[in-house]
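This report describes a predicted model.

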Amino acid sequence: MTVVTLGPAGTYSHRAASAVADGVEFRESVTSIVEAVADGDAARGVVPIENSIEGSVTETLDALAEFDVAVTGEVVTPIRHALLAQGDAFDTVASHPQALAQCRGFLDDHYPAVDREAVASTARGVEQAREDEAVAAIAHPGTADDTVSLLAEDIQDRTSNATRFFVVAPPADRSDAGGKTTLVVYPGANYPGLLLELLEPFADRDINLSRLESRPSGERLGDYAFHVDVDAGLFEERTQAAVEDVKELASAGWVRVLGSYDVEHVLD
Ligand SMILES: O=C(O)C(=O)C[C@]1(C(=O)O)C=C[C@@H](O)C=C1
(Lines give C-alpha, C1' and ligand atoms only; values in the text may rest on other atoms or scores of the structure.)
Protein backbone atom coordinates (compact mmCIF):
# COMPACT_ATOMS: atom_id res chain seq x y z
CA MET A 1 0.00 0.00 0.00
CA THR A 2 1.31 3.46 -0.90
CA VAL A 3 1.24 6.20 1.70
CA VAL A 4 1.59 9.88 0.81
CA THR A 5 3.20 12.24 3.28
CA LEU A 6 5.08 15.51 3.60
CA GLY A 7 8.36 15.51 1.67
CA PRO A 8 11.04 15.49 0.60
CA ALA A 9 12.63 12.36 2.09
CA GLY A 10 13.87 12.78 5.66
CA THR A 11 10.92 14.65 7.21
CA TYR A 12 9.49 13.51 10.52
CA SER A 13 6.31 12.71 8.58
CA HIS A 14 8.40 10.38 6.37
CA ARG A 15 9.64 8.57 9.48
CA ALA A 16 6.11 8.23 10.85
CA ALA A 17 4.78 7.05 7.45
CA SER A 18 7.53 4.41 7.19
CA ALA A 19 6.04 2.81 10.32
CA VAL A 20 2.73 2.43 8.48
CA ALA A 21 3.81 1.17 5.04
CA ASP A 22 6.89 0.49 2.92
CA GLY A 23 5.98 2.55 -0.14
CA VAL A 24 6.07 6.26 0.70
CA GLU A 25 5.39 9.07 -1.80
CA PHE A 26 5.80 12.75 -1.08
CA ARG A 27 3.63 15.82 -1.38
CA GLU A 28 4.41 19.48 -0.70
CA SER A 29 1.67 20.24 1.85
CA VAL A 30 -0.62 18.62 4.39
CA THR A 31 -3.68 19.83 2.47
CA SER A 32 -2.51 18.16 -0.75
CA ILE A 33 -1.98 14.88 1.16
CA VAL A 34 -5.52 14.87 2.59
CA GLU A 35 -6.92 15.90 -0.81
CA ALA A 36 -5.04 13.07 -2.57
CA VAL A 37 -6.65 10.54 -0.21
CA ALA A 38 -10.12 12.12 -0.55
CA ASP A 39 -9.82 12.04 -4.37
CA GLY A 40 -8.78 8.36 -4.37
CA ASP A 41 -5.27 9.19 -5.67
CA ALA A 42 -3.62 7.62 -2.60
CA ALA A 43 -4.61 4.72 -0.34
CA ARG A 44 -3.34 6.37 2.84
CA GLY A 45 -1.89 9.66 4.00
CA VAL A 46 0.14 10.44 7.10
CA VAL A 47 -0.19 13.99 8.46
CA PRO A 48 0.96 15.69 11.67
CA ILE A 49 -1.97 16.67 13.89
CA GLU A 50 -0.53 17.89 17.18
CA ASN A 51 2.79 18.61 18.89
CA SER A 52 3.37 18.57 22.63
CA ILE A 53 5.07 22.01 22.61
CA GLU A 54 3.42 23.90 19.76
CA GLY A 55 -0.08 22.39 19.82
CA SER A 56 -2.29 21.70 16.83
CA VAL A 57 -1.15 21.70 13.24
CA THR A 58 -3.92 23.99 12.07
CA GLU A 59 -3.53 23.19 8.36
CA THR A 60 -4.32 19.55 9.20
CA LEU A 61 -7.37 20.47 11.29
CA ASP A 62 -8.76 22.58 8.46
CA ALA A 63 -8.09 19.87 5.83
CA LEU A 64 -9.90 17.28 7.98
CA ALA A 65 -12.89 19.62 8.23
CA GLU A 66 -12.89 20.26 4.48
CA PHE A 67 -12.27 16.86 2.84
CA ASP A 68 -14.26 13.65 3.28
CA VAL A 69 -11.70 11.23 4.74
CA ALA A 70 -11.38 8.79 7.63
CA VAL A 71 -8.72 8.48 10.33
CA THR A 72 -7.62 4.85 10.68
CA GLY A 73 -4.55 5.19 12.90
CA GLU A 74 -2.45 7.43 15.09
CA VAL A 75 1.35 7.38 15.23
CA VAL A 76 3.13 9.16 18.09
CA THR A 77 6.84 9.81 17.81
CA PRO A 78 9.40 11.71 19.90
CA ILE A 79 10.78 14.76 18.09
CA ARG A 80 14.45 15.44 18.77
CA HIS A 81 15.74 18.24 16.58
CA ALA A 82 19.29 18.96 15.44
CA LEU A 83 20.87 22.08 13.97
CA LEU A 84 22.64 21.32 10.68
CA ALA A 85 24.78 23.46 8.39
CA GLN A 86 27.90 23.40 6.20
CA GLY A 87 29.79 25.34 8.90
CA ASP A 88 29.43 28.35 11.18
CA ALA A 89 28.98 30.92 8.39
CA PHE A 90 25.16 31.04 8.40
CA ASP A 91 22.84 33.98 8.96
CA THR A 92 19.50 32.17 8.44
CA VAL A 93 17.87 29.11 9.99
CA ALA A 94 15.34 27.44 7.69
CA SER A 95 12.81 24.88 8.89
CA HIS A 96 9.15 23.99 9.14
CA PRO A 97 7.30 26.59 11.29
CA GLN A 98 6.45 23.89 13.86
CA ALA A 99 10.14 22.98 14.23
CA LEU A 100 11.23 26.63 14.47
CA ALA A 101 8.63 27.16 17.19
CA GLN A 102 9.66 24.00 19.08
CA CYS A 103 13.25 25.37 19.24
CA ARG A 104 12.35 29.03 19.93
CA GLY A 105 14.19 29.13 23.28
CA PHE A 106 17.34 27.53 21.85
CA LEU A 107 17.43 30.00 18.95
CA ASP A 108 16.79 32.99 21.26
CA ASP A 109 19.61 31.88 23.58
CA HIS A 110 22.25 30.79 21.04
CA TYR A 111 21.45 32.55 17.74
CA PRO A 112 19.44 35.70 18.58
CA ALA A 113 20.70 37.57 15.49
CA VAL A 114 20.02 34.81 12.96
CA ASP A 115 16.94 35.12 10.69
CA ARG A 116 14.30 32.39 10.93
CA GLU A 117 12.85 31.29 7.61
CA ALA A 118 9.73 29.12 7.44
CA VAL A 119 9.88 26.49 4.69
CA ALA A 120 7.52 23.64 3.66
CA SER A 121 9.24 20.96 5.78
CA THR A 122 12.32 20.29 7.89
CA ALA A 123 13.88 18.28 5.04
CA ARG A 124 13.28 21.21 2.66
CA GLY A 125 15.34 23.33 5.09
CA VAL A 126 18.15 20.75 4.94
CA GLU A 127 18.08 20.94 1.12
CA GLN A 128 18.60 24.70 1.36
CA ALA A 129 21.44 24.25 3.86
CA ARG A 130 23.12 21.80 1.46
CA GLU A 131 23.00 24.38 -1.33
CA ASP A 132 23.88 27.49 0.66
CA GLU A 133 26.42 27.89 3.48
CA ALA A 134 24.49 30.96 4.68
CA VAL A 135 21.58 28.68 5.67
CA ALA A 136 21.34 26.30 8.63
CA ALA A 137 18.44 23.87 9.09
CA ILE A 138 16.54 22.38 12.01
CA ALA A 139 15.70 18.75 11.28
CA HIS A 140 16.12 15.13 12.35
CA PRO A 141 19.83 14.35 13.02
CA GLY A 142 19.60 11.49 10.49
CA THR A 143 19.47 14.05 7.65
CA ALA A 144 23.16 14.96 8.21
CA ASP A 145 25.53 13.84 5.41
CA ASP A 146 28.84 14.85 3.73
CA THR A 147 27.55 18.35 2.94
CA VAL A 148 25.80 19.33 6.18
CA SER A 149 26.95 18.30 9.64
CA LEU A 150 25.40 18.40 13.09
CA LEU A 151 26.19 21.65 14.93
CA ALA A 152 23.95 20.85 17.90
CA GLU A 153 21.59 18.05 18.91
CA ASP A 154 18.51 17.85 21.13
CA ILE A 155 17.76 21.54 20.64
CA GLN A 156 13.97 21.30 21.18
CA ASP A 157 12.82 23.42 24.12
CA ARG A 158 11.53 20.39 26.05
CA THR A 159 12.99 16.90 26.08
CA SER A 160 9.47 15.44 26.13
CA ASN A 161 8.81 16.90 22.65
CA ALA A 162 6.53 14.56 20.67
CA THR A 163 4.20 14.81 17.66
CA ARG A 164 1.01 12.88 16.90
CA PHE A 165 0.33 11.92 13.29
CA PHE A 166 -2.97 10.73 11.84
CA VAL A 167 -3.20 7.98 9.24
CA VAL A 168 -5.82 9.25 6.80
CA ALA A 169 -7.85 6.89 4.59
CA PRO A 170 -10.76 7.08 2.12
CA PRO A 171 -14.18 7.39 3.84
CA ALA A 172 -15.11 3.80 2.86
CA ASP A 173 -12.30 2.55 5.15
CA ARG A 174 -13.69 4.32 8.21
CA SER A 175 -13.58 1.89 11.13
CA ASP A 176 -15.52 1.42 14.36
CA ALA A 177 -12.65 -0.57 15.87
CA GLY A 178 -10.01 1.06 18.07
CA GLY A 179 -9.70 2.76 21.42
CA LYS A 180 -9.96 6.38 20.22
CA THR A 181 -12.45 8.26 18.06
CA THR A 182 -12.20 11.63 16.32
CA LEU A 183 -15.03 13.84 15.12
CA VAL A 184 -15.40 17.38 13.82
CA VAL A 185 -18.54 19.21 14.90
CA TYR A 186 -19.89 22.35 13.26
CA PRO A 187 -22.95 23.23 15.33
CA GLY A 188 -24.27 25.92 12.97
CA ALA A 189 -25.62 27.69 16.06
CA ASN A 190 -24.38 30.01 18.80
CA TYR A 191 -26.11 30.35 22.19
CA PRO A 192 -25.06 30.32 25.88
CA GLY A 193 -24.21 26.80 26.99
CA LEU A 194 -23.94 25.29 23.47
CA LEU A 195 -20.42 23.93 24.02
CA LEU A 196 -21.44 22.57 27.42
CA GLU A 197 -24.37 20.77 25.77
CA LEU A 198 -22.08 19.31 23.09
CA LEU A 199 -19.76 17.88 25.74
CA GLU A 200 -22.43 16.47 28.07
CA PRO A 201 -23.20 13.39 25.91
CA PHE A 202 -19.60 12.24 26.55
CA ALA A 203 -19.44 13.26 30.23
CA ASP A 204 -22.80 11.60 30.96
CA ARG A 205 -21.44 8.30 29.59
CA ASP A 206 -18.10 8.56 31.39
CA ILE A 207 -16.20 9.02 28.10
CA ASN A 208 -12.94 10.94 28.48
CA LEU A 209 -12.09 13.71 26.00
CA SER A 210 -8.39 13.67 25.08
CA ARG A 211 -8.48 16.77 22.85
CA LEU A 212 -10.83 19.63 22.11
CA GLU A 213 -9.89 22.34 19.61
CA SER A 214 -11.94 25.12 18.13
CA ARG A 215 -11.08 26.33 14.64
CA PRO A 216 -12.62 29.24 12.77
CA SER A 217 -15.20 27.85 10.34
CA GLY A 218 -14.12 30.41 7.73
CA GLU A 219 -17.77 31.52 7.37
CA ARG A 220 -17.46 34.63 9.58
CA LEU A 221 -15.55 35.93 12.60
CA GLY A 222 -16.49 34.12 15.82
CA ASP A 223 -17.96 31.06 14.04
CA TYR A 224 -16.26 27.78 14.95
CA ALA A 225 -15.94 24.08 14.22
CA PHE A 226 -14.90 21.85 17.14
CA HIS A 227 -12.39 19.02 16.77
CA VAL A 228 -12.95 16.33 19.39
CA ASP A 229 -10.89 13.22 20.28
CA VAL A 230 -12.37 10.79 22.79
CA ASP A 231 -10.85 7.80 24.57
CA ALA A 232 -13.52 5.35 23.39
CA GLY A 233 -14.27 3.42 20.20
CA LEU A 234 -17.34 3.56 17.97
CA PHE A 235 -17.75 -0.18 18.50
CA GLU A 236 -18.97 0.78 21.99
CA GLU A 237 -22.69 1.43 22.35
CA ARG A 238 -22.00 4.43 24.65
CA THR A 239 -19.85 6.14 21.98
CA GLN A 240 -22.47 5.59 19.27
CA ALA A 241 -25.17 7.01 21.56
CA ALA A 242 -23.01 10.06 22.44
CA VAL A 243 -22.32 10.75 18.75
CA GLU A 244 -26.06 10.48 17.95
CA ASP A 245 -26.80 13.07 20.68
CA VAL A 246 -24.10 15.39 19.28
CA LYS A 247 -25.53 15.02 15.75
CA GLU A 248 -28.95 16.04 17.04
CA LEU A 249 -27.52 19.07 18.86
CA ALA A 250 -25.62 20.06 15.68
CA SER A 251 -28.59 19.49 13.36
CA ALA A 252 -28.29 23.08 12.05
CA GLY A 253 -24.68 22.32 11.02
CA TRP A 254 -22.80 19.09 10.39
CA VAL A 255 -20.80 16.38 12.15
CA ARG A 256 -17.91 14.55 10.45
CA VAL A 257 -17.17 11.26 12.21
CA LEU A 258 -13.61 10.40 11.17
CA GLY A 259 -13.70 6.98 12.80
CA SER A 260 -12.00 4.93 15.49
CA TYR A 261 -8.37 3.87 15.58
CA ASP A 262 -5.53 2.68 17.80
CA VAL A 263 -2.32 4.46 18.73
CA GLU A 264 1.13 3.23 17.76
CA HIS A 265 4.25 4.63 19.43
CA VAL A 266 7.28 4.80 17.13
CA LEU A 267 10.65 5.59 18.61
CA ASP A 268 12.49 7.14 15.67
O1 LIG B 1 8.72 19.12 8.47
C2 LIG B 1 8.66 17.94 8.86
O3 LIG B 1 9.64 17.20 9.02
C4 LIG B 1 7.33 17.39 9.18
O5 LIG B 1 7.13 16.21 9.06
C6 LIG B 1 6.28 18.35 9.71
C7 LIG B 1 6.28 18.48 11.23
C8 LIG B 1 4.98 19.22 11.70
O9 LIG B 1 4.20 19.72 10.89
O10 LIG B 1 4.76 19.28 12.93
C11 LIG B 1 6.26 17.15 11.86
C12 LIG B 1 6.85 16.91 13.08
C13 LIG B 1 7.55 17.97 13.83
O14 LIG B 1 6.64 18.46 14.80
C15 LIG B 1 7.95 19.10 12.94
C16 LIG B 1 7.41 19.28 11.70
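The shell around the ligand comprises 15 residues, of which T11, S13, Q98, S121 and T122 come nearest.

| Element | Residues |
|---|---|
| helix 1 | 12-18 |
| strand 3 | 44-51 |
| helix 4 | 97-102 |
| helix 6 | 122-131 |

In terms of residue class, the shell around the ligand holds 7 nonpolar and 8 polar residues, and no charged ones.

The chain as a whole contains 8 helices and 16 strands. Its radius of gyration is 20 Å, close to the 18 Å given by the globule rule for 268 residues; the chain is therefore as compact as a globular protein of that length. Along the principal axes, the C-alpha atoms occupy a box of roughly 60 × 40 × 30 Å. Of the 268 residues in the chain, 43% are buried. Among contacts with a separation of 6 or more, 73% are between residues 24 or more positions apart.

One residue may be considered individually. E66 belongs to helix 3, which covers residues 58-66. Is E66 buried or exposed, or in between? E66 counts as partly exposed because it has 16 C-beta neighbours inside 10 Å, whereas a buried residue would need 20 or more. The C-alpha atom of E66 is 9.1 Å from that of E35, although the two residues are 31 residues apart along the chain.

Conventions:
Residues numbered from 1 in each chain as written. Predicted model: local features only at pLDDT ≥ 70, side-chain atom pairs only at ≥ 80, totals over all residues. Helix = DSSP H or I, 4+ residues; strand = E, 2+ residues; numbered from the N terminus. Buried ≥ 20, exposed ≤ 12 C-beta atoms within 10 Å, placed from the backbone. Rg over C-alpha atoms; globule rule 2.2 N^0.38 Å. Contact = placed C-beta atoms within 7 Å. Near = placed C-beta within 6 Å. Nonpolar A, V, L, I, M, F, W, Y, C, P; charged D, E, K, R; others polar.
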